Amino acid sequence: MHFNKAITVVGSLALASIVTAAPVEKRGSVFYGDRTHHLKEYQANQGNPAPSSTGAPPSPSSPASSQGSNPFKFPLSNGFPNIQNPSAALTQIEQQAHGLLPNGPPPPSPPAADDLTSLRLIAFNELFEVAYFTELLANVTNNVAGYQFQDANLQATIVEALTAVVAQEELHLLNANGALAHFNAGPIQPCLYNAPVDNFQDAIALASTFTDVVLGTLGDVQVHFGQNGDAGLIRGVAAVIGQEGEQNGFYRQILGEIPSAAPFLTASAREFAFTALQNFVVPGSCPNANTIALPIFGALTLETPKVQAQDQQLQFSFQATGQYSQYASGQGLSLVYINQQNVPVVLPIQGAQNNGGTVTFSANFPFSENLMFGLTIAAVTSNAGPFADVDAVAKATLFGPALIEVQ
């Protein structure tokens, strides 16, 4: 893409150019809501056959659709995700994406079952990303309230960028589902989707945050590929990591932040990504998500708005009901922060209070000692570790992830 002078324009004026924008604020924390329905659905469907799914082409979204009254559904007007290779539809996607769907041969032998889980997770995520950015592109293109720009040239720049992003994410999905189909293990089918945003600023902030999670999670996927002897899958994932990083630098610049958040981006685990994605899908709408052999944790909510780049006490909450009722006192639990590529920081839960099954507590956020720039993943674990890495944290997690982006 050729942005000409748009790089400086976008960085300094994008948010200020939105017609309905209030004074520009950088992003704060991201709220993820109750996952009870997703957890029950996941547990009920383990090993059960998935229902079939149909959809209709999406229409340009309104703010209401972001709040759950009109969920996004596939297929798109071009037939996506049901795109044949080769086809005129695929050629158009490739032209908009500025590149081809990889055309090299697949690995000669089927991947390990654990790596098929990774490919399914990638496909599950890419379907959400296509839905999210398609809706965002429609909102900007159609001047939906909250997504309007005073500067027509700036709007055109954003549309150009998002058009490429949508097509690139479509190719990511076709690549992952194509691999699954080749090995008779897929494809992952789309859900219905909602996103808790109703304006451009919040939409870009959320896109940046979930892209941070994707970047960390794809690193975890590479580790699994290597451990399972499926090195032939690594190079393609590495290419997607670089592409997603380029995207996130653009989003961060729109938000008034430096393009690169930290020297080493935050590690994540597949379990955290799969759990976080439940917040964007309509419960019960995913035809075969039950084939993704990953757990869904209880929700951990960050109650502190606008986390600053300083030492402070943060407030969290979780629901100690049903299968989690035994944790109502908070005793014996720990809060763990995962930031960059450092050893996870384990802290005691302080001042836990139970109000009708909602447990609130506080924990220190040791920013200064650890320079916790970029994404921080918070999780409540069943013990205090010590934890060597993010995978060890995921194995002990009860509630999470809460995603923290300092301002």
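Asp151 caps the N-terminal end of helix α6, with a side-chain oxygen 2.9 Å from the backbone nitrogen of Asn153; a polar contact is a pair of N or O atoms within 3.5 Å, where within protein one must be able to donate a hydrogen and the other to accept it, and residues adjacent in sequence count only if both atoms are side-chain atoms. The model is predicted: local features need pLDDT of at least 70, side-chain atom pairs count only at pLDDT 80 or more, and totals for chains, interfaces and linings use all residues. Residues are numbered from 1 along each chain as its sequence is written, and side-chain values use heavy atoms, with hydrogens and water left out.

**Helix α6**

- Helix α6 covers residues 152-182, which amount to 31 residues.
- From its first C-alpha to its last, α6 reaches 45 Å, close to the 45 Å expected at 1.5 Å a residue; the expected span is 1.5 Å times one less than the number of residues.

**Overall content**

- The protein chain contains 11 helices and 8 strands; helices (H or I, at least four residues) and strands (E, at least two) are DSSP runs, numbered from the N terminus.
- Of its 407 residues, 54% count as buried, where buried means under 20% relative accessible area, exposed over 50%, and partly exposed in between (1.4 Å probe, protein chains only).
- Among contacts in the protein chain with a separation of 6 or more, 78% come from residues 24 or more positions apart; contact means heavy atoms within 4.5 Å.

**Sheet β4-β3-β7-β8**

- This open sheet of 4 strands has antiparallel pairing; two strands pair if DSSP finds at least two bridges between them.
- Its edge strands, each pairing on one side only, are β4 (345-348) and β8 (397-405).
- Neighbouring strands of this sheet are turned by 25° against each other on average, direction ignored; axes are lines fitted to C-alpha atoms, for helices over the stretch in contact, and angles run from 0 to 180 degrees between N-to-C directions.
- Strands β3 (residues 334-339) and β7 (residues 375-381) run antiparallel and are joined by 6 bridges, and Ser334 stands opposite Thr381 in β7.
- Helix α7 (residues 200-227) lies across β7 and β8, at about 125° to β8.
- Helix α9 (residues 270-277) lies across β3, β7 and β8, at about 80° to β8.

**Sheet β1-β2-β6-β5**

- Another open sheet has 4 strands in the order β1-β2-β6-β5, with antiparallel pairing.
- The edge strands here are β1 (300-302) and β5 (350-355), each of which pairs on one side only.
- On average, neighbouring strands of this sheet are turned by 25° against each other, direction ignored.
- Over 3 bridges, β1 pairs in the antiparallel sense with β2 (residues 312-319), and Leu302 stands opposite Phe316 in β2.

**Salt bridges**

- The structure holds 2 salt bridges, each defined as a side-chain nitrogen of Lys or Arg within 4 Å of a carboxyl oxygen of Asp or Glu.
- One joins the side chains of Arg270 and Asp114 at 2.8 Å, N to O.
- Because Arg270 lies in helix α9 and Asp114 in helix α5 (residues 113-141), this pair ties together parts that are 156 residues apart in sequence.
- Arg270 is buried, with a relative accessible area of 4%, whereas Asp114 counts as partly exposed at 25% relative accessibility.
- Glu257 forms a salt bridge with Arg252, their closest N and O atoms being 3.2 Å apart, and both Glu257 and Arg252 are buried.
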